[in-house]
Amino acid sequence: MDSMIDYGDFAARLARTRPRPDEHAVGLVDMAPRWELLRQFQEEWGYEVPADAEAWHHEPAPSPDLPIPAALDQWWALPYNSFVHSPRLYWTNPEYPPTPRPDPAGYGTPAGLPADSPLVPPGADRRVCVFKAEYEYCNEWGYAAADAGLADPRVLVSDSENGWLLQADSLSEFFLQLTVHRLPAHYGWTVHGDDDTDRIVARVKSELTPLGFRPWRELAQEITVYGAPDALVFHDEGYGDFELTVHARTAEALVRLGERMGVDWAARIEPPCAVTEGPRGLGLRAGDGRWEVVSVSAEPLPFERPELESPVPHTSPLTALTRIDVPDQGPLVATGHEDGSLHLWMPESGDAPVEADRRGPALTGLTSAHTANGPVLVASWCDAGVSLWDINSAERADLDLGPGIVSVHLAADLRLLVGGPDGRAVLRLDADALWPARELMLSVVSFEETEPGVPRLLAELLSHDTEVAEQAFESLNQLLSPAPDLPPAAILSFIYLTQIGAAIGVGAHPCTIRRRVLGLALRIASAMRAEAAPEPWLTASRKLLSSLPRILPDMLREPNPLTRTAAALLSGTLGGHPAPSDPHPEVAAAAALALGDFAAIDVLVEAGWDRADLETLLRDR
């Protein structure tokens, strides 16, 4: 990647490959220019056919009743086809020969085109020939049977609400578009939108140029891709995991684009983790009080993929699975997947599985054990950290143990075996240091005795829909406001508000109004410090406050600057003295305010904090 590529010019590159309307009308369609652009794009993002790749074998069509478009056979035959040689990059299933919808075999679920569809002429064949499907067949891609005789027909996509929609103006363009939506996510440096999403999207739409494709529709997403120097911006106006995702060929390109958009997202950048790349060598870090290294050896600890299908529907392929019995609740099943997601499921509860976390690389290790402290769950992601949950209290600890860890095994005495192809190590874990708030969370009275509706509202703070999150916050602000008296539910909610606002241990989807949530947590902390609660809640609040100093140092080391800002402000609320040396201006301002520099409040207000929340901290100084 020696030279910069401005993807703001991609739409022009794409336009040069398209046939003129008069050529298309008479069937003079040359797919070669689009195949060449496909090759170039793959090369630009670092894809090479692996030396040991085994090409996906597809059987020749056994005299189909409909012709197969030339573009489809040409695509299968491309020597640099990244799907054929590296299908794990795509999470799609091919169908060759294409199968019709309605499907006579009953496997494909979509119907054909309705009688009034404008996608084919009146009286034409209403079937759709499906040649590819999303991994769990949530979406299918095909071309109208009426167009099967064309060399490079338009591509349709199935949509559960709208039937068949137009996805691409040709098969060859569809395969290029599919590659745009797959390779950068594996080979690029990545950053996701946060509280700043709306502001960045406005800048993106006004300053960047779309790539020239139709919006990508898959899994309820509706994504338009914009081009920038060495970077692609994916804006989802549908219901995907992230409204804004940026992939870049280099980390420097992401930083430059962030500066252009007026945001410092350097601390949020995730490194590339292509599925064709193995983990780095084992490089274990020294213990930080939560763990100590007992032994290290060069003996490999292999990654063992479960030999069964995922019990969780509509997920990417299974990479890890563990099961443990939780006292008085029944079995808990945890599954890890190649898309980096962790799902938790209690089959006897009747509830559906929930996604508890998701990271960029694959989740490669899961283990669980009954310890002296109760059941514990451990998950590891390829070169992206290890997380441990105390199941009874739902407390979580995230450990950065170093690279090369793909497998984990936990023993009942809290010894954790970690490792990968280049070695293994045994760690001794300290439960009190891992989960300092554990005893408190086990001792507090349930919300059912205070405000039973609060847990639902706390969960809604994590909604994809900002309006839903804001409505939940307004309700919580009324229920939990510490003025004039501190409600017991506010004490119970404090730790959850802090975790949600600081994005620690809350699963895959961060809150979109984190500063407002943290502001409420600050007001509650101030009231608890003033001991404005009757017994037994006064004792509970004292325990909670006494546990915070053990948590704040970890928060101050988190890569997300908003998490560090929250830690600095909480430290100030407790009378601590955070070091004001953080390079991020918002964190530095929070530390300065905690130390009594009242002028720093203006920097935080400009960043989105509520002045009234911050003035609570000023009154405590």
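Let's start with helix 4. Its buried residues pack against helix 3 (32-44), helix 5 (82-85), strand 1 (92-101), strand 2 (128-134) and helix 6 (171-180). Keep in mind that this is a predicted model.

Which residues of helix 4 are buried? Helix 4 covers residues 70-77, and the buried ones are Ala-71, Leu-72, Trp-75 and Trp-76. They span an arc of only 135° around the axis, so they lie on the same side of helix 4.

Strand 19, residues 386-390, is joined to strand 20 by 5 bridges. The two run antiparallel. Take Asp-390: its bridge partner in strand 20 is Glu-395.

Last stop, Leu-414. Find it in the loop between strand 21 (407-410) and strand 22 (415-420). Is Leu-414 buried or exposed? Its relative accessibility is 8%. The cut-off for buried is under 20%, so Leu-414 counts as buried.

What does Leu-414 touch? Leaving out residues up to four places away in sequence, Leu-414 touches Thr-371, Asn-373, Leu-427, Arg-428, Leu-429 and Ala-431. Now compare Leu-414 with Trp-291. In sequence, they are 123 residues apart. In space, C-alpha to C-alpha, they are 9.8 Å apart.

Conventions: Residues numbered from 1 in each chain as written. Predicted model: local features only at pLDDT ≥ 70, side-chain atom pairs only at ≥ 80, totals over all residues. Heavy atoms only, no water. Buried < 20%, exposed > 50% of the residue type's maximum accessible area, 1.4 Å probe, protein only. Helix = DSSP H or I, 4+ residues; strand = E, 2+ residues; numbered from the N terminus. Arc of directions from axis to C-beta. Contact = heavy atoms within 4.5 Å. Pairing = 2+ DSSP bridges.
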